[in-house]
Amino acid sequence: MLLAAWDGADEQIGAQMDPQTLTNLFSCTFSPDPNVQKRAELEIRKLGAQEGMVTTVLQIIGNDNVDIATRQAAAVYLKNRVYSSYFIDSVARPDQVPIPTSDRNNFKASVLPLIASSPSRVISVQLAGALKNVVARDFPEQWPTLADDVKKLLVSSNVNEVHAGCVTTLEMVRAFRFRQNNDILPKLVEAFFPTLVNIATQALSNAPVGPNEDVPTIVHLILKTYSTSILLHLSPHQQSAESLVPWGRLLFQVVNLQIPKEAVPEDEEKRERCEWWKAKKWAYKILGRLFHRFGNPSQLPSTLQKDYAAFSQHFVTNYAPEIFKIYLQQIELFVSGQAWLSKKCQYRIFTFFTECVKPKSTWALLKPHFETLVSSYVFPQLSFTPVKEEQWNTDPVEFVRTTVDEFEAFDSPVSAATSFLFSLASNRTKTTFLPILGFINRVLQSKPAAPQRYGALNMTAALGPFIMRHPEVKGNMEQFLLQHVLPEFAAPEPYMRAVACEVLGTVIKAGMKFTNQQFLEQHLTAVAAAIDDAELPVRVHACLALTELVTETPSVQSVVAPQVGKVIQTLLKLAEETDLDILNHCMESMVETYQAELLPVAAELTARLCETYARLAKESQNADEVDPSTVDIDAIMESEGNEDKTFAAMGVAKTISTVVNAVESSPEILAQIQEIIIPVVILTLENKLLDLLDNMYDLVDALTYKLRSISPNMWPVFELTYKLFKADAVDFLDEMLPSLDNFVSFGTEMFKARADYRQMVLDIYQTAISSEHLGENDAVNGCKLAESMLLNLRGCIDDALQPIVNTALSVVDKAQTNALRLANLNVLVNAILYNPAATLHIMEQAGAGTARKFFDKWFESIKVDNRLPRVHDKKLSIMALCTLMEMDPANVPASIQEGFHGIVSGALKLFQEYPKAVQARKELEEAFQNESDDESDEDDSKYLNMNEEDDDVWDEDSAYVEMLANEGQRLREKSEKAAAAGGDYSDDEEEEDEIEEELGYISPLDNVDPYVTFKQALTAFQMKNAQGYQLATTSLSPEQQTFLMEVMRIAEEHSAQAAAQS
């Protein structure tokens, strides 16, 4: 019926934008029939550009006679339309049509009343999202009445209007929260926050006890608004007593609020999400943020001292003790069972306690209570609770994920308790560490029930790296394992077997060595049995423990060697069952350790890994299929995100890379493995799985480089790479370059035969140089690709020489970094080497004197130290100068004839520096090879602070925050200077990274002896251009003439050595 009614709808809507027809279309967007749904969406998209469309959508949203679902669909459309097309960049997408002015004005006139009368939270959220995007663009200049309209709502006697005022204020603050040079947000704070704090305070004093959520919702919105306003800055108004006192009083009131049972749901999960506990969560979050970011003078970065030094001193003196006292009371009530605390609130409390460890003043408050907090809160959190038991039984994979990966559930009470434990152990070691270990020992010696034993061993596993670095404790660990850990491998409770594996693996990884071989064998036997355990978490932890034993203990390596095939199969099966990235690390370690043993099964192993990768890649793609026009920054920030599959696929790809490296010694097996890997590379490229490109190009690079050849089945990868670069992955040239270079270097015959392939590489180079979307690093990569063409395809790219030279000449005066100047110079020097006469002719065609200008810059680089820093740079220029010596003098342009004789002195200058560069490269290679042998144990001071004084602690984390703050300040100042200069600003004083040797770089020049080449070229110079030769040699200084003879002598030696070896 509806579809039939649409016939001729376009004309009707075009004339007057009929609300009923549009309502019908929106109601069809959630039809169970996908064809009806799709057609409705297409019709709405067609109408979207018409004037009046947004106005009609607003009417539908506000029409009480339209069902809620249809109004929600209209609200979702409105938010997405505003997000995608309210503001359009100068380069608009084809589907972007600006919203007409009349519709913009109607939106501003309607949106606040619509929020106030909204019948559902879903509609309110969509309207608020649209409002934020308009505010960010139009307030205050294009929407000057908004602030007054919001103030009227906030002082209204109608609770719905007050709610709308709170929603609007939140969105106004959100619109400006990330702006660094922000003059609008402080004004909003000063204008609205005194009213907001009064509304919240009055609402709490008159709060009805019952299920009605009007009051907690408004308090929640107000506190969320305050929290959003202090993400980056605390305004002068917020630092004043006029603001801090009433807001502080409100926050303490919310934290202390005892909510009656009848006011919240009985179900704990629903209670976590109810408005009262959301309000409390935001109160805890604000107090934590005020202390962490602005109110902790001992940890305040130097760049923030100017704005917050006085505030931080005031806050830590007057507010931090009160916060600590209240939080301690809340925890005491919670652990005694007198009050309930949501998980988010527990997390916030212990995050604050953790922040209190390092400052001297707050440590004085915490110190008398740390043992009680560890025993009454941390220990129960790390014990085996009913919640953990339920997760073990219903979702064992998630149980392992949250117990193994410390970043998985970072905002949980368990992670906060663990972080608190870490902070005590590392920052206040002298005071806290032995008492904590004493508590663990007392628990274990009392032989409690399994859940409590689990808690004590779980604490031991968490503290393992600290224990193995403490001089008074680490020697006792072997006896501890024998007494308290080994027996648990036989425990009837499977979680005890799992934690036994975890403790063993942790302390072995941290450096524990068994002194008694029998004890080691007993533990190895126990772990081997656990690998076949019936329970999945036990098997995973057993594999992790075995990996550490194999990696750290040579005797275990030899015992496991005969069984490594079975171990790998177990790891593969577990990885396929769980998609846990940590198991990929286990496989990598096993493959690296048992390279010889795994050679016969490498192909089978690779095939299994590729199957797993393909599955994960497809699942990742399905999870990521989202219409980009419907996603805004808040949706991204507030969503949980489903990245597990992508990360798991990355882990599998790294494991495949490990297998590739392991079979490097067997080219036959490597070639076999390559054919297994190529299909998953093609799968990734064809489906444009950009998150996985880096891993795939690592594989392509490794395979083509190690085999020094390009398989016929690998060429489709080259073609797909070009297509991707020209479409979705233009900014992935850095990842693509090594593979592209290998294609050119090892696939020269194919490039000689395929003009289209040569054109593709040339196009990538020219795009890298000219694209506005790419930076100088991409241009450097493009230059390296052009170099590869000129060096590897000698005599085969004559038609590409002119575009390469002209493209490089366009960069000469534009390059801003030393890296691009050098890379671009090397392209032009390569062109000279490729064909000097043609290159110089092309230069002169580009403009009179161009060749002379190039020579001046080239010889300036030759004469100035470190302008040609690498062996390749020097050797390339020597070879190009030799090519010039062999030129017919008639082909030398007039503009460079005057200084042409300088090519000999230029070559000698390079020869003076060349041996030093070769030696430096050799030393760098040796240092790189010995790096793993020279790795020393980590500095114990990073883990333990043995200082007996209770002073402020400044550790690596503090230094890191300071570094980030300084870098942020530097970038802001640079951005401000650039803005003030109108975009023409250049920081000449900014230090650039030194251009270092590329140890993996190979080129056709590697096998060329520059000394022998120079001797031959000088002889040719004398024969072909006697006058030039005469001028070049007689203009040398006596020192240069002596050095010339030395170079010729070395050339003779090298020639003789080559003849003897041949």
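Is Arg708 buried, partly exposed or exposed? I looked it up: Arg708 is partly exposed, at a relative accessible area of 41%. My cut-offs are under 20% for buried, over 50% for exposed and partly exposed in between, with a 1.4 Å probe and protein chains only.

I note that this is a predicted model, where local features need pLDDT of at least 70, side-chain atom pairs count only at pLDDT 80 or more, and totals for chains, interfaces and linings use all residues. Residues are numbered from 1 along each chain as its sequence is written, and side-chain values use heavy atoms, without hydrogens and water.

Backbone entries. Most residues other than glycine have a negative phi, and most peptide bonds are trans. Arg708 has a positive phi near 55°. I find Arg708 in the loop between helix 39 (693–707) and helix 40 (715–726). Helices here are DSSP runs of H or I, at least four residues, numbered from the N terminus.

Asp579 also shows a positive phi, about 55°, and is not a glycine. Its loop runs between helix 32 (564–578) and helix 33 (581–593). Asp579 is buried, with a relative accessible area of 12%.

The peptide bond from Phe139 to Pro140 is cis, omega near 0°. Pro140 sits in the loop between helix 8 (121–138) and helix 9 (146–154).

Helix pair entry. I checked helix 48 (residues 850–863) against helix 49 (residues 871–885): their axes, lines fitted to C-alpha atoms over the stretch in contact, come within 12 Å and cross at roughly 135°. Angles run from 0 to 180 degrees between N-to-C directions.

Note on methods:
Helix = DSSP H or I, 4+ residues; strand = E, 2+ residues; numbered from the N terminus.
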